[in-house]
Amino acid sequence: MAGAHVFPGGVLDARDSIEHWRQYFHDAGHHELPEDFAFRIASIRETFEESGVLLLEDPKKNDSLIGEARRSWRTRVHDDAAAFEELCTLLGSLPDIFALKAWAHWITPEAEPRRYDTRFYVAWVPQTTNAIHDEEETVASTWSSPRASLASFDSDGMFLPPPTWFTLRELSECKSRKEIWGTSRDLSPIQPFFGQEGERLVLALPGDPLHDASVSGEQRNRIVILSDGKYAYESNLEGAL
């Protein structure tokens with residue numbers, strides 16, 4: 001999304017499938033693999049391409065890939081997803097799919113000309129990681145806490161798409177890594193519906209009457225798009241953020 005601050009990510013590739021990686025993980029003693037396996041592989045692969053962050057089961061193997069070798073492998077993986085398997089084999093470590101916390105599943109509203117079916121994951125990155133944007137899909141990068149990112153958005157420092165803004169808002173309410181990891185998440189798809197309430201444009205979320213006509217008109221669960229391009233979240237649903 002041009003001009004926006006977003007999390008690293010990209011498109012699933014056939015090489016991300018559980019069938020392709022199953023034997024590697026079985027040989028390493030992982031016999032129970034998550035249903036969203038391919039999305040986890042794709043998330044780690046795309047994050048490496050775009051930011052240089054590489055989540056491996058053995059972090060020391062990550063640290064061994066430095067300088068021009070790291071840049072070269074990022075380019076190779078960008079050009080061919082099969083190279084990610086080659087890289088993991090060379091380093092002797094598997095992508096750390098179990099280090100990812102599944103956080104949310106968003107689908108673009110039907111009214112949008114370009115649509116995405118996107119999974120959001122949370123992970124903790126070793127302090128030794130040397131992250132930098134790839135100058136192709138990403139042209140700038142920064143380390144920023146959820147609250148700092150939201151403050152920058154409010155002060156016109158960065159543009160955040162609604163799902164990114166909403167995710168950062170949720171994370172900003174968590175006080176620790178332990179709290180984030182222990183949070184129970186509803187991973188049902190969130191597909192907002194563009195609605196109009198008077199002069200206000202809203203993105204109605206599940207549980208809002210503009211999203212589902214069978215819901216009581218007194219309910220609220222929506223992102224309001226303000227006149228200055230900022231957002232406000234309105235909800236009176238029990239348990240809503």
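A residue is called buried when its relative accessible area is under 20%, exposed when that value is over 50%, and partly exposed in between (1.4 Å probe, protein chains only). By that rule P8 is partly exposed, because its relative accessible area is 40%.

Before we go on, a word about what you're looking at. This is a predicted model, where local features need a pLDDT of at least 70 and side-chain atom pairs count only at pLDDT 80 or more, while totals for chains, interfaces and linings use all residues. Residues are numbered from 1 along each chain as its sequence is written, and side-chain values use heavy atoms, with hydrogens and water left out.

Back to P8, then. You'll find P8 in the segment before α1. Although P8 and A131 sit 123 residues apart in sequence, their C-alpha atoms are 11 Å apart in space.

Now for the aromatic rings. A pair of rings is described by the distance of the centres and the angle of the planes. Rings of Phe, Tyr and Trp (its six-membered ring) pair if their centres lie within 6.5 Å; planes under 30 degrees apart make the pair stacked, over 60 edge-to-face, and the rest tilted. How many aromatic pairs does this rule give? The count is ten. Take F7 and F120: their ring centres are 6.0 Å apart and the planes stand at 85°, so this pair is edge-to-face. F7 belongs to the segment before α1 (18-27) and F120 to strand β2 (residues 117-122), so the pair ties together parts that are 113 residues apart in sequence. F120 is buried, because its relative accessible area is 12%, whereas F7, at 35% relative accessibility, counts as partly exposed.

Another pair is made by W165 and Y231. With ring centres 5.3 Å apart and planes at 70°, they are edge-to-face as well. W165 sits in helix α7 (residues 162-172) and Y231 in strand β6 (residues 231-235), so this contact ties together parts 66 residues apart in sequence. Are these two buried or exposed? W165 counts as buried at 6% relative accessibility, and Y231 is buried too, at 10%. Elsewhere, W21, Y24, F25, F37 and F84 form one aromatic cluster.

Charges come next. Side chains of opposite charge can pair when their charged atoms come close. A salt bridge here is a side-chain nitrogen of Lys or Arg within 4 Å of a carboxyl oxygen of Asp or Glu. The structure holds 15 of them. One of these joins E86 and R76, with 2.9 Å from N to O. This bridge links distant parts of the chain: E86 is in helix α5 (residues 82-91), R76 is in helix α4, and ten residues separate them. Both ends are partly exposed, E86 at 40% relative accessibility and R76 at 35%.

Further along, E197 forms a salt bridge with R220, and their closest N and O atoms are 3.3 Å apart. E197 lies in strand β3 (residues 193-197), while R220 is in the loop between β4 (200-204) and β5 (221-225), 23 residues apart. E197 counts as partly exposed at 26% relative accessibility, and so does R220 at 24%.

Then there's the bridge between E234 and R200, at 2.8 Å from N to O. E234 is in strand β6 and R200 in strand β4, so parts 34 residues apart in sequence are tied together. Which residues do shared partners join into one network? They are E197, R200, D208, R220, R222 and E234.

D13, D79, D80, E136 and E137 form a negative surface patch. Patch members have over 30% relative accessible area and no salt bridge, with like charges joined within 9 Å and nonpolar side chains (Val, Leu, Ile, Met, Phe, Trp, Tyr) within 5 Å. One of the five, D79, lies in helix α4 (residues 67-79) and counts as exposed, because its relative accessibility is 59%.

Let's finish with a backbone detail. D156 has a positive phi of about 70° although it is not a glycine. Look for D156 in the loop between α6 (146-154) and α7; at 61% relative accessibility, D156 counts as exposed.

How values were computed: Areas by Shrake-Rupley, 256 points an atom, 1.4 Å probe, with all protein chains shown as cover. Lys, Arg positive; Asp, Glu negative; His and termini not counted. Charge placed at Lys NZ, Arg CZ, Asp CG, Glu CD. Helix = DSSP H or I, 4+ residues; strand = E, 2+ residues; numbered from the N terminus.
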